[in-house]
Amino acid sequence: MIIQPKTRGFICTTAHPEGCAKQVGKQVEYVKAQKKIEGPANVLVIGSSTGYGLASRIVAAVGAGANTVGVFFDKPAEGSRTASAGWYNTAGFEAEAAKLGAKSFNIVGDAFSNEIKAQTIELIKKELGQVDLVVYSVASPRRTHPDTGETFTSVIKPIGPAYSNKTMNFHTGEVSTTTIEPAAEEEVRQTIAVMGGEDWKMWIDALQEAGALAQGATTVAYSYIGPEVTHAIYREGTIGKAKNDLENTASVLSDSLSGIGGRAYVSVNKALVTQSSSAIPVVPLYISALYRVMKEKGLHENCIEQMYRLFADRLYAEKTEVDEKGLIRLDDWEMREDVQTEVTRRWNELSTENVEELSDLEGYRREFFQLFGFRTDGVDYEADTDPNVPMPNLRP
Ligand code: NAD
């Protein structure tokens, strides 16, 4: 079939297999061109098919030569529906991993469930014995609690007064003012249940109990802080409460891993175009302005550059540098004073009339479509393409 992008708001309901594979190939090439990392040997990535999790898996396999287990929630093609981007990304990753000779395994299903945890642990014990790094990179709008069966929905809302700020429709380039009503207490509770640290802890506890964590094992999850303009909607809003919970979980896990000499970190990453970030109001406009400024200053990074830095310069450096709260800061360049001063200056002026000029709207749009394998050089989008791509090394 001919596969073209079909968008609904900030979602693209189609994905292109060849384009996704090429995007993964570009990330692999980036890592190959960097120094090898003396890093982990066996790595579990939970949420491994897109965004930061995919980049973590690529850095582990290509940069450190690690065997990897990826857990993700994606669908294969069916009838006239293409597979989701994460499915094609992972198939693309598998083709690259096969060339490297590192082992890799894929588990498709709900990471929040007890079943998927049990299957993953069984696989690790059988194939790898133990893992020495666990990356937790799940971003989801919903979670069903494995023990109580309650389904939680996360919302992105301010806490306290209603919040108004500029936002953008990145398809049309229209800049407008949005007002978001504050969250009810119940919504805060549910958002923490989805995006907080409980599931990360459940994974680490289950792995440790099963003896699937190697001596000195490391675990890392990802967070975001961001600038003043997004604080009300992000860091001081519902999602920020969940991130506080995730960050507190890192200290709890550090204690529980001390017996095996293990370490638990939260890494604060840069704002980037991913499926998750494009769903947040205000943030796409901020990212467009940020990209423009960081590109002009020669500081721009994507997921892969960020994750390479995480492994090479933080987690597996001689000393893992953290801030006063114990957080790894990969948002150091985003938050640099000169970068933020310039973003704020532009932010105050941004409107529909000047958005192309003051921000990197075109770059934002291109990256959004590239998440789904579109707008990628070297792909013939008019060609008949088979959407059915088998998933190698799928378990159980
Ligand atoms: P993403 O949407 O690109 O990736 C999410 C991953 O989670 C995918 O692999 C998906 O398959 C998987 N997933 C979702 N629900 C699942 C489930 N129930 N079971 C198994 N897998 C599931 O998101 P991302 O932007 O890479 O975010 C990853 C983490 O990084 C999040 O904690 C996010 O808050 C954080 N982060 C993102 C940004 C950003 O700007 N994008 C910045 C800093 C931190």
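Predicted model: local features only at pLDDT ≥ 70, side-chain atom pairs only at ≥ 80, totals over all residues.
Residues are numbered from 1 along each chain as its sequence is written. Local features need pLDDT of at least 70, side-chain atom pairs count only at pLDDT 80 or more, and totals for chains, interfaces and linings use all residues, while side-chain values use heavy atoms, with hydrogens and water left out.

**Overall fold**

The chain contains 13 helices and 14 strands; these are DSSP runs numbered from the N terminus (helices H or I, at least four residues; strands E, at least two). The C-alpha trace spans about 60 × 50 × 45 Å along its principal axes.

**Ligand site**

There are 29 residues around the ligand, and Ser-49, Ala-111, Lys-243, Thr-274 and Ser-276 come nearest; a residue is near a molecule if one of its heavy atoms lies within 4 Å of it. By class, this shell divides into 12 nonpolar, 13 polar and 4 charged residues. Ala, Val, Leu, Ile, Met, Phe, Trp, Tyr, Cys and Pro count as nonpolar, Asp, Glu, Lys and Arg as charged, and the others, Gly among them, as polar.

| Residue | Protein atom | Distance to a ligand oxygen atom |
|---|---|---|
| Thr-50 | side-chain N or O | 2.8 Å |
| Tyr-52 | polar backbone atom | 2.8 Å |
| Thr-274 | polar side-chain atom | 2.7 Å |

On its own the ligand has 840 Å² of accessible area, and the protein covers 92% of it (Shrake-Rupley method, 1.4 Å probe). Helix 2 (51-63) and strand 11 (213-223) are the elements that give two or more residues to the shell.

**Second largest pocket**

The second largest pocket has a volume of about 550 Å³. A pocket is an open set of points on a 1 Å grid over the protein atoms alone, where a 1.4 Å probe fits, with protein on both sides within 12 Å along at least five of seven lines; lining residues have an atom within 4 Å of a point. The volume is the space filled by probe spheres set on the points, which are joined across faces, edges and corners.

Of its 25 lining residues, Gln-23, Gln-27, Asn-302, Glu-367 and Gln-370 are closest to the centre. Helix 1 (17-32), helix 2, helix 10 (303-315) and helix 13 (361-370) each give two or more residues to the lining, with the largest share, 6 residues, coming from helix 1.

**Backbone details**

Arg-395 and Pro-396 are joined by a cis peptide bond with omega of about 5°. Val-282, not a glycine, has a positive phi of about 75°.

Key: Polar contact = N/O pair within 3.5 Å; in protein donor to acceptor, adjacent residues only side chain to side chain.
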